[in-house]
Each structure stands twice: as C-alpha cells, then as structure tokens.
Amino acid sequence: MSVLAQKNPHIKVTVVDINKEKIAAWNNPDLDGLPIYEPGLKEVVREARGRNLFFSTDIDKAIDEAEMIFMSVNTPTKTYGKGKGMAADLKYVELSARQIARASKSAKIVVEKSTLPVRTAQAIKDILDNTGNGVKFQVLSNPEFLAEGTAINDLINPDRVLIGGEESVEGREAIQALVDIYASWIPKEKIITTNVWSSELSKLVANAFLAQRISSINAISELCEVTGADVDEVARAIGMDSRIGPKFLKASVGFGGSCFQKDILNLVYIAKTYGLNEVADYWEQVIIMNDHQKRRFSENIVSALYNTVSGKKITFLGWAFKKDTNDTRESAAIYVADALLNEQAEIAVYDPKVSKERIYADLDFLETRSPEENRKRVKVMKDPYEACTDTHAIAILTEWDEFKEYDWERIYKSVVKPAFVFDGRKLLDGKTMTDIGFKYFAIGEAQ
Ligand code: UDX
C-alpha cells in the first residue's frame with residue numbers, strides 16, 4: 001500500500017488495523033521503528049506518509065470514505081475442526097467482509113489481496129450483498145507476488161500484476177479502475193486480467209511451483225552428498241537450459257516463510273475436497289520433501305558429533321527464514337532447533353535482525369517444552385563471535401551476507417575441537433573452511 005500511495009500522490013490511501021500498537025508503530029516518527037524490516041521501505045514511507053498515506057485504527061470511517069478497499073488480512077492454516085492443519089482459516093476474511101458491509105454507505109470495489117482458496121471472492125460477495133446496506137459491491141482478486149527482502153523492488157518492477165474480476169459490465173469497470181491505479185507506474189502489458197477464479201488459483205499455483213523447484217533441488221542435494229556431485233554445479237548446469245531457468249534452484253536446509261507451506265497445504269486440501277487424490281498427493285510430496293530436508297540436517301549434526309549433542313553447545317547463525325528480513329514464520333531454524341533441543345543440546349543463536357523475543361515465541365509456539373526450559377537452553381546473542389565461542393558446532397540456517405565476511409580464523413580459534421560447521425545454505429567456501437581446519441559439511445556437497 002505504501003508503494004501504491006508513493007506512485008499515486010493523487011490518491012488518498014489509508015491503512016487500517018484493529019491492532020493499536022501496530023498502527024502506532026507505522027506512525028512512529030522514527031522510521032527505524034516501523035513494524036516490518038524491509039530494504040527500501042522506510043524511504044517509501046518517508047515520502048508518502050502524511051501526504052497521501054495514512055495509518056489509522058478508525059476502520060469504519062476509512063471504509064465509509066473509500067471507493068476501493070483492499071482486504072489484506074491473515075489467512076492462517078486452520079488449527080481446529082474440518083480441514084485442520086490444511087485448509088485456510090477464513091475467519092478474519094469473513095469478519096472483515098461483514099465489517100465492510102456494515103460500514104459502507106456507498107458503492108465499493110473490494111479487492112482481495114490475501115491469498116485465498118479458490119471461490120472465496122464469491123463468498124465475500126455473498127456476505128457483502130446479503131448483510132450490507134443495499135449498496136453495490138464489486139469483488140476483485142489481485143494476488144500479491146512480492147517476496148520478502150526484495151518487496152519494494154518487486155512492487156516497483158513486478159514480473160506481472162494479476163487482476164481477476166467478474167465477467168460483466170460492472171466487473172469490467174471495476175477491473176479497469178484497478179488497472180488504472182497500477183498503470184501509473186507499471187507498463188500496461190504487464191497487467192493481466194482474468195476471471196476471478198483463475199486469479200485466485202494462480203496465486204496458489206505460483207507458490208506451489210516455486211516451492212516445488214526448491215524441493216526438487218533439495219532432493220538432488222541429498223543424492224549429491226552420497227555420489228560426490230556438487231548441487232550448485234548441478235543447479236548451474238540445469239539452470240542454463242532456458243526452459244528450466246536459473247532461479248529458485250538454490251539447495252537449502254528447507255524453505256520457510258509465511259506462504260509456501262500454507263498455500264500448498266491449501267491446494268492439497270482443495271484437490272482432496274474435489275476427490276482429486278493423485279493431484280493432492282503429488283503436491284503434498286513437496287512438503288514431505290521439505291520436512292525431510294530439515295530433519296536430515298539436524299540428524300546429520302547429531303551423527304557427526306559422535307551421535308550425541310547432549311549438553312553440547314551448538315551455535316545457530318541465522319534464524320530468519322531468508323536473508324534481509326526479520327520474518328521467521330516457518331523458518332527451518334525453528335524446527336532444527338527443536339530437534340536438537342530434543343537431543344538435549346544447548347543452543348546459542350545469532351541473527352542480525354531477529355529479536356530475542358521472536359526467537360523464544362517461535363519455540364514456545366511449538367509447545368514441545370516449557371517456556372522456562374526454552375529460555376534456559378537457548379541463548380540469544382548480540383555478537384556472532386561471542387555466540388561461537390566454546391561451541392561444539394556452528395550451523396548456518398540463514399544466508400545472511402555478513403556471515404561470509406566473518407573472520408573464520410578467529411572463530412576457529414575460539415571453538416571446541418574438532419571444529420564443525422554445518423552449512424545449511426551452502427554459503428561459505430568449503431575449501432577455505434577446510435584449510436582453516438574446520439570439519440565443513442554443506443547441503444548438497446560430499447564430505
Ligand atoms: C514467496 C514467493 O516467492 C512470493 O512470490 C510470494 O508472494 C510469497 O511467497 P517469500 O516467502 O517472501 O516469497 O520468499 P522466497 O524468496 O520465495 O523464499 C521462500 C523460502 O524458500 C525461503 O526460506 C528461501 O530461503 C527458500 N529458497 C528460495 C530456497 O531454499 N532456495 C531458493 O532457490 C529460493
């Protein structure tokens with residue numbers, strides 16, 4: 001929304017949320033205090049905030065004033081009842097739709113931005129039409145394809161913008177109104193329009209395809225480790241085939257983030273609902289492979305450390321699900337830490353952007369052990385060198401650039417010998433690490 005406001009100074013954009021603290025943080029005069037860390041974001045907020053970009057908790061007023069309303073609410077995986085663990089929980093979408101219906105006194109275009117199961121737009125329209133004040137609503141689907149860490153660039157230069165709408169005169173008018181907003185900075189040929197259901201499904205499918213590439217290369221990483229092939233070399237060789245392409249072929253300790261797992265589970269659930277069991281099983285395998293990759297990383301640490309990590313200090317470099325973000329949702333680090341804590345390891349974590357509170361909250365959420373025990377066994381450090389001192393093993397969980405710049409000779413001197421490094425991102429140079437004296441294990445590389 002900030003980029004949309006920045007690129008359309010003539011349009012007033014009000015971002016509303018029921019969470020007062022969040023809105024206060026978005027209004028924080030200190031731009032380093034914004035609730036999200038994202039390169040380039042504060043510059044955009046600095047330019048637009050107070051000009052045509054506003055943050056408020058007065059939801060009804062903003063709804064009433066708006067001609068177009070973007071719904072960007074949380075759609076977590078259901079944790080209860082039918083579809084538990086798979087289907088998207090649409091509770092917040094429904095609550096927002098009911099609030100929009102109640103507060104609207106003039107016609108509105110409602111744009112679904114959240115990733116939703118196919119045919120949700122129809123449900124939103126039903127609620128709006130049946131609980132509203134008789135005003136007209138058009139519902140559009142406009143899924144967001146930005147990735148964290150590169151969000152601002154992805155928004156300014158997207159590969160495409162997708163807008164789905166109703167195939168009627170009113171539907172086409174609503175689509176055009178949204179096309180016009182994007183067209184103020186995006187070339188027209190990159191703005192594609194479809195029916196609502198194609199648009200909704202495309203978002204799930206895009207994420208499923210991206211995640212599938214990672215699971216595919218991760219499956220090959222395990223094969224590389226036993227055959228002596230190098231997964232980066234394989235990725236480079238296959239990626240130069242223009243039909244395959246080079247992106248999303250970096251082997252890792254497993255993909256994380258708020259979208260991939262959730263969206264695939266959702267896709268699997270939808271396929272199952274329609275009785276398409278082979279389709280469901282095909283996509284579920286992407287998740288199964290990802291879980292395997294996280295599990296085998298922690299198992300490899302235990303087996304290399306002479307089959308026991310009990311009472312041993314293990315240092316995690318990185319906790320975020322990828323570099324350049326402080327987001328930790330579904331981060332592989334959480335699951336690797338949990339597995340090692342089950343083996344009675346002591347963990348020290350250093351991440352340049354993730355807070356101590358976030359790390360403990362991630363572990364507490366699993367409910368594997370008490371919050372007290374998590375605090376006792378996991379120490380969050382502000383200095384990477386201190387985090388590595390007297391450690392039995394260093395595990396790299398996030399591909400932060402700064403890890404490559406560390407004085408690894410200095411680190412080598414401070415750790416327990418033999419000195420182990422488990423590189424879950426294949427980030428460091430294996431030869432340099434081995435020359436220093438480390439026993440260096442990287443995903444997709446034979447020892
Ligand atoms: C993703 C989609 O890319 C984006 O289009 C969608 O809108 C939201 O979901 P995001 O989750 O922010 O974006 O990050 P992404 O860069 O896709 O990375 C997801 C995970 O995959 C990270 O854990 C990342 O480390 C991992 N990854 C990515 C790999 O392991 N290897 C790769 O080659 C690429």
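A polar contact is taken here as a pair of N or O atoms within 3.5 Å, of which, within protein, one must be able to donate a hydrogen and the other to accept it. In this predicted model, a contact of this kind, 3.1 Å in length, joins the side chains of Thr75 and Lys262. A polar atom of the Thr75 side chain also lies 3.1 Å from the backbone oxygen of Thr115. Thr75 itself is situated in the loop that runs between strand S3 (68–71) and helix H5 (91–103), and this residue counts as buried because its relative accessibility is 3%, the limit for that class being under 20%.

The ligand is surrounded by 20 residues, the closest of which are Phe145, Glu148, Ser252, Phe321 and Arg425. Classified by residue type, this shell comprises eleven nonpolar, three polar and six charged residues, and its largest share, four residues, is supplied by helix H9 (residues 196–227). Of the 670 Å² of accessible area that the ligand has on its own, the protein covers 90%.

Helix H9, which contributes to the ligand shell, also contains Leu223. Together with Ile220 and Val226, Leu223 makes a nonpolar surface patch of about 280 Å². Leu223 is classed as partly exposed because its relative accessible area is 48%, a value that falls between the 20% and 50% cut-offs.

Most residues other than glycine have a negative phi, and most peptide bonds are trans. Tyr306, located in the loop between helix H12 (277–304) and strand S8 (313–317), has a positive phi near 60°, and with a relative accessibility of 54% Tyr306 counts as exposed. A positive phi, near 65°, is likewise found for Asp324, which lies in the loop between S8 and helix H13 (332–342) and is partly exposed at a relative accessible area of 25%. The peptide bond from Lys417 to Pro418 is cis, with omega near -5°, and Pro418 belongs to the loop connecting helix H18 (408–414) and strand S12 (420–423).

Conventions: Residues numbered from 1 in each chain as written. Predicted model: local features only at pLDDT ≥ 70, side-chain atom pairs only at ≥ 80, totals over all residues. Heavy atoms only, no water. Near = heavy atom within 4 Å. Areas by Shrake-Rupley, 256 points an atom, 1.4 Å probe, with all protein chains shown as cover. Helix = DSSP H or I, 4+ residues; strand = E, 2+ residues; numbered from the N terminus. Nonpolar A, V, L, I, M, F, W, Y, C, P; charged D, E, K, R; others polar. Patch = residues over 30% accessible without salt bridge, like charges linked within 9 Å, V, L, I, M, F, W, Y side chains within 5 Å. Salt bridge = Lys/Arg side-chain N within 4 Å of Asp/Glu carboxyl O. Buried < 20%, exposed > 50% of the residue type's maximum accessible area, 1.4 Å probe, protein only.
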